[in-house]
Amino acid sequence: MLLKVVKISALVAISACTLNAGSFDTQAEKDRQALVKYMEAKFSNPEKNKSFFPYSTEDELKRVIKKGVKAADLAKGSYAYDSIGREQYDDINEMPPYEDAIDEGEVLYGKKFANGKTFKECFPKTDIAGDYPYFDNKKKEVVTLTQAINDCLVANGEKKWNIKKGNMAKLEAYFSHQSKEAGKKVAIKIDSKEAAQAYENGKKAYYTQRGYLKLSCATCHVQGTGKRVRKEYMSPLLGHTTHFPVFRLKWGNLGTLERRLEGCNKDEGENPHKGSSKWAKEVLYFMSYMSNGLGIDGPDIRK
Amino acid sequence: MKTFNKILCIAGLSTLGFTTVHADLLSDAAKLDVKQACDVKANGIEAVLATAAKYNAEAVKLGVEFKRLGVTNSNYIKTTTEAAKAKQKEVVLKYKKKGKVKTHKMATDYAAWRSCSFAIRALQQQVEAESTWKLAVPGDGFKY
């Protein structure tokens, strides 16, 4: 009898835990699906849905903006719908300027620290780009890949790297490449109340108007997706984190997602939050969750 | 035990005090008319810069300080205050871009107006955002 009670109690406890774990991402999943629906509606037929592109000419909507773009295509960013930009992108990708960085990243991965250990101790697997950022339930904070790499360096008595470019971008390029080759997808988890709160903070920050220009990230990358700013079509939130680090023609070198986020934050007219700040990490957590299920496509090039 | 209770009490009151000051400054800023509060002719440049310094300190704490063309509002306030003290008619704002020092020049009165309006608007936007941010979320307030 006692055994029966214990068994039933255990079963109830496990079921409760499972249900609870599943429920932490309910809102995030609703948000993601709503975003997918919005993006697919926007690009289903731009010529017909002119209200989404109020400043585009008819010719532009006919010749340049592709129709029938699906969520999975947006892993390529704006090149999923900007047909002219896509041609240039494909041309540059015939001899990608980031290839050497992948090789250098592989060397860094295997290079011994002063204590004789390597990054392999911290990252036994290399196809991990889609698993970051994650919420560390012990530390009660979001951990980005950039942070995990620097934590590994410090734990092994080494100095931290610049989080924007250089070695950091090269090692991340190697991880991203390995993930792409392995067919990995973005797989961000929200498995606790605190993780759900971090997601909500990131979401609120993303949609909040800021800076002297009173722009939110969403102004350009949700409502503004596909709208033209001078010669460029703005990229979508959906798929934003899939292709980093990127070789930006403007930078002339490879840079991390943190570098780009700081740049965007500055462009809004705000004194930018540091890429390693709680604010930035929570925004990246939200952004990455939005791309859940999309294929890793980095490193890549962007203008 | 008594000491422990005292420490706990002081810590509690300090937190409460800090939170109240935080909320007070935000609600103060929300009520202000920027054009009036930052009018240099009507209020005098010292008062306008004092207003700028008061509200910008809060904007910095909240992580919403404005920055325009490489110049933070803190930099605007500091440089303009120095120029006003020295009775200079023009402010030379220095900032770094790609490792090089660059400059912007503008009238001191105008720089004071800008630093004041930037400081207040940063906080006003923060208050407004509490009720507006969801309006941009697909599946929530954003309709298309």
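Does L69(B) count as buried or exposed, and how many C-beta neighbours lie inside 10 Å? With 10 such neighbours, L69(B) counts as exposed, where a residue is exposed if 12 or fewer other C-beta atoms lie within 10 Å of its own, buried if 20 or more do, and partly exposed in between, with C-beta atoms placed from the backbone. The model is predicted, and local features therefore need pLDDT of at least 70, side-chain atom pairs count only at pLDDT 80 or more, and totals for chains, interfaces and linings use all residues. Residues are numbered from 1 along each chain as its sequence is written, while chains are lettered from A and ligands numbered from 1 in the order in which they are written.

L69(B) is found in the loop between β1 and β2 (71–72) of chain B; helices (H or I, at least four residues) and strands (E, at least two) are DSSP runs, numbered from the N terminus. The phi of L69(B) is near 45°, a positive value in a residue other than glycine. In chain A, R230(A) is not a glycine and has a positive phi of about 50°. R230(A) is placed in the loop between β3 (228–229) and β4 (232–233) of chain A. R230(A) is exposed, with 4 other C-beta atoms within 10 Å.

In chain B, strand β3 (residues 90–97) and strand β4 (residues 100–107) pair in the antiparallel sense over eight bridges; two strands pair if DSSP finds at least two bridges between them. Within this pairing, K96(B) has V101(B) in β4(B) as its bridge partner. The two strands β3(B) and β4(B) form a hairpin with two residues between them. In the turn, K98(B) has a positive phi of about 50°.

Helix α4 (residues 45–62) and helix α6 (residues 108–132) of chain B have axes that come within 8 Å and cross at roughly 35°. Axes are lines fitted to C-alpha atoms, for helices over the stretch in contact, and angles run from 0 to 180 degrees between N-to-C directions. Residues are in contact if their C-beta atoms, placed from the backbone, lie within 7 Å. By class, this helix contact has 14 nonpolar, four polar and two charged residues; Ala, Val, Leu, Ile, Met, Phe, Trp, Tyr, Cys and Pro count as nonpolar, Asp, Glu, Lys and Arg as charged, and the others, Gly among them, as polar.

The contact between the chains takes 17 residues from chain B and 23 residues from chain A. On the side of chain B that touches chain A, the elements that give two or more residues are β1 (67–68) and α6 of chain B. The largest share of that side, four residues, comes from α6(B). By class, the side of chain B has nine nonpolar, five polar and three charged residues.

Chain A is assigned domain 1 (28–96 + 193–302) and domain 2 (99–181), with bounds that come from an automatic or database domain assignment. The centres of the two domains of chain A, taken over C-alpha atoms, are separated by 24 Å. Their contact takes 23 residues from domain 1 and 26 residues from domain 2. On the domain 1 side, α8 (193–207), β6, α10 (257–267) and α11 (278–290) of chain A each supply at least two residues. The most, six residues, is given by α11(A). The residues of this side divide into nine nonpolar, seven polar and seven charged.

Chain A also has an open sheet of three strands in the order β6-β5-β7, with mixed pairing. Its edge strands, each pairing on one side only, are β6 (253–255) and β7 (300–302) of chain A. The twist averages 40° from one strand to the next. Strand β5 (residues 246–248) of chain A runs parallel to β7(A) and is joined to β7(A) by three bridges. The bridge partner of V246(A) in β7(A) is D300(A).

The peptide bond from G298(A) to P299(A) is cis, with omega near -10°, and P299(A) lies in the loop between α11 and β7 of chain A. The bond from Y132(A) to P133(A) is cis, with omega near -5°. P133(A) lies in the loop between α5 (99–110) and β1 (134–136) of chain A.

Conventions: Contact = placed C-beta atoms within 7 Å.
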